Amino acid sequence: MRIVFIGPPGAGKGTQAALVVERYGIAHLSTGDMLRAARDAQTEIGKLADHYMSAGQLVPDEIILQIVQDRLLADDCRRGYLLDGFPRTLAQAEALDQMLAQDSTPLDVVLELRVPDEELFRRLSGRARADDKPEVIRQRLVAYRQQTEPLLDYYQRRGLLQTIDGLGTVEDIFQRIQQVLDPLAERSARQQP
Ligand code: AMP
């Protein structure tokens with residue numbers, strides 16, 4: 001199963017992503033995690049990315065696409081994957097479509113985790129990451145609304161979008177996600193016996 005997971009910062013994507021990859025036995029590809037690892041390792045890409053991340057801005061598409069393209073080629077992606085935090089711009093979504101079309105491995109579903117702004121602020125203020133300072137949080141939400149939200153329409157038109165209510169307990173939300181993914185997992189198991 002190939003899944004894209006979209007949602008604003010603080011929506012709970014990371015928590016749900018961990019549950020999803022465990023249940024369905026697929027790889028977890030978080031571009032945020034990859035960038036933080038590159039930053040901590042002080043690689044060239046990491047240093048460049050840090051500049052944008054600490055300002056709450058998106059890292060340029062070329063950098064992200066390079067990272068994702070390499071990662072998708074790894075063996076563990078053959079059984080499927082959850083893309084968490086990618087794509088975040090229309091250019092990234094189009095580039096992803098091209099990569100996947102080349103290999104005839106289209107996406108199965110795009111999950112949107114929807115949470116109102118007030119709740120996002122409440123949750124993010126309780127975290128302690130360097131990019132969770134109030135002004136950086138605000139900037140990350142602006143980036144989401146301006147650059148990432150247009151993707152919802154893009155995937156809606158392709159019939160791939162499923163919106164999940166992101167309010168409630170971790171278990172409630174995961175239940176909702178399973179209701180969408182379980183039938184798709186059965187379908188893809190039938191296609192690849
Ligand atoms: P995340 O952990 O997904 O919230 O990502 C943390 C930060 O990494 C974001 O605020 C961006 O600066 C950067 N980032 C992660 N994924 C992407 C992406 N697909 N495109 C651009 N920037 C990204």
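**Figure 1. Where the charges of the protein chain sit on average.** In this predicted model, the protein chain carries 24 positive and 29 negative charges.

**Figure 2. The fold as a whole.** Count up the secondary structure and you get nine helices and five strands. Walk along the sequence and they come in the pattern β-α-β-α-α-α-β-α-β-α-α-α-β-α. The C-alpha trace spans about 50 × 40 × 30 Å along its principal axes. Of the 193 residues, 47% count as buried. Look at contacts with a separation of 6 or more, and 76% of them come from residues 24 or more positions apart.

**Figure 3. A pair of tyrosine rings.** Search the whole structure for aromatic pairs and you find one. It is made by tyrosine 154 and tyrosine 155, whose ring centres are 5.1 Å apart. Their planes sit at 85 degrees, and because an angle over 60 counts as edge-to-face, that is the label this pair gets. Are these two tyrosines buried or exposed? Both tyrosine 154 and tyrosine 155 are buried.

**Figure 4. A cis peptide bond at proline 87.** Zoom in on the bond from phenylalanine 86 to proline 87: it is cis, with omega near -5 degrees. Proline 87 belongs to the loop between β3 (81–84) and α5 (90–102).

**Figure 5. Two loop residues with positive phi.** Glutamine 42 isn't a glycine, yet its phi is positive, near 55 degrees. You'll find glutamine 42 in the loop between α2 (31–40) and α3, and its relative accessible area of 55% makes it exposed. Serine 104 isn't a glycine either, and its phi is also positive, at about 50 degrees. This serine lies in the loop between α5 and β4 (109–114). With 60% relative accessibility, serine 104 counts as exposed.

**Figure 6. Alanine 55 and its contacts.** Alanine 55 is in the loop between α3 (44–53) and α4 (61–72). Its relative accessibility is 30%, so alanine 55 counts as partly exposed. Which residues does alanine 55 touch, leaving aside neighbours within four places in sequence? Those contacts are with Val136 and Gln139. Aspartate 165 is 110 residues away from alanine 55 along the chain, and 28 Å separates their C-alpha atoms.

Definitions and conventions:
Residues numbered from 1 in each chain as written. Predicted model: local features only at pLDDT ≥ 70, side-chain atom pairs only at ≥ 80, totals over all residues. Heavy atoms only, no water. Helix = DSSP H or I, 4+ residues; strand = E, 2+ residues; numbered from the N terminus. Buried < 20%, exposed > 50% of the residue type's maximum accessible area, 1.4 Å probe, protein only. Contact = heavy atoms within 4.5 Å. Lys, Arg positive; Asp, Glu negative; His and termini not counted. Charge placed at Lys NZ, Arg CZ, Asp CG, Glu CD. Phe/Tyr/Trp six-rings, centres within 6.5 Å; stacked < 30°, edge-to-face > 60°.
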